[in-house]
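Let's take a walk through a protein together. Have a look at the picture below, and then we'll start with charged side chains.

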Amino acid sequence: MAEPFKNLLNKKIIEGMARHFKRQWSKFDAVGFVAAATKDLDSLELKARTQTITDAMIEYLPVDFEKTGEIILASLGPPLSDNISAGTVTKKGIAGWAVTPLTHYVGLRGHGHFDLSMRLFKEMTKRASSEFGIRFFLQESPTKTLSVLKSWATDKDQHVRRLVSEGTRPRMPWATTLPIFINDPSP
């Protein structure tokens, strides 16, 4: 039997995230973060695990979004070539499913920092996918976000192009729907 997807966000991955955050910001409380991010972890499904880790990021990373954005960027592993599912947290940085809470964080907290948020989404999607996080921006600032995504549709990186197609799907498993495109798919 295949391992459930939810188990890709596990204590070992969270501990790896904490190590990278601590390397980038010496004031980071790695112990507190891991405790908060793993609270009741075994009983949680994938979306709830993502939200729990995101909540721990909100609690333990700087309130200053620009500072946290720098920490996230510096914590990312090298871009993945083909198989984004092969990514994980290693000594080189965060990749794979561990990126999902990072994109969720940016989707929730980055609206006052549009350009930085778009840069974060673009870089994170090269290590996994930002298709869940970008949806928050499509709902809040559809015209501005679609303008960026239009330029990304021809990006040389296949993962960035995939973000455009997957992130704008009106309905997608595990993701919030995009009623704006359901009601009017012309954009």
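Which residue forms a salt bridge with Lys 39? That partner is Asp 40, and the closest N and O atoms are 3.5 Å apart. A salt bridge here is a side-chain nitrogen of Lys or Arg within 4 Å of a carboxyl oxygen of Asp or Glu. Side chains of opposite charge can pair when their charged atoms come close. By this rule, you'd count 6 salt bridges.

Before going on, keep in mind that this is a predicted model: local features need pLDDT of at least 70, side-chain atom pairs count only at pLDDT 80 or more, and totals for chains, interfaces and linings use all residues. Residues are numbered from 1 along each chain as its sequence is written, and side-chain values use heavy atoms, leaving out hydrogens and water.

Now, where do these charged residues sit? Lys 39 is exposed, at 52% relative accessible area (exposed means over 50%, buried under 20%, partly exposed in between, with a 1.4 Å probe and protein chains only). Arg 169 is partly exposed at 31%, and it pairs with Glu 166 at 2.7 Å between the closest N and O atoms. Arg 127, though, is buried at 8%. Salt bridges that share partners link Arg 127 with Glu 123 and Lys 126 in one network, and the Arg 127 to Glu 123 bridge has its closest N and O atoms 3.1 Å apart.

Next, find helix H4, residues 65-75 (helices are DSSP runs of H or I, at least four residues, numbered from the N terminus). Its buried residues include Phe 65, Ile 71 and Leu 73. The buried residues of H4 pack against helices H1, H3, H5 and H6, where contact means heavy atoms within 4.5 Å.

Note on methods. Helix = DSSP H or I, 4+ residues; strand = E, 2+ residues; numbered from the N terminus.
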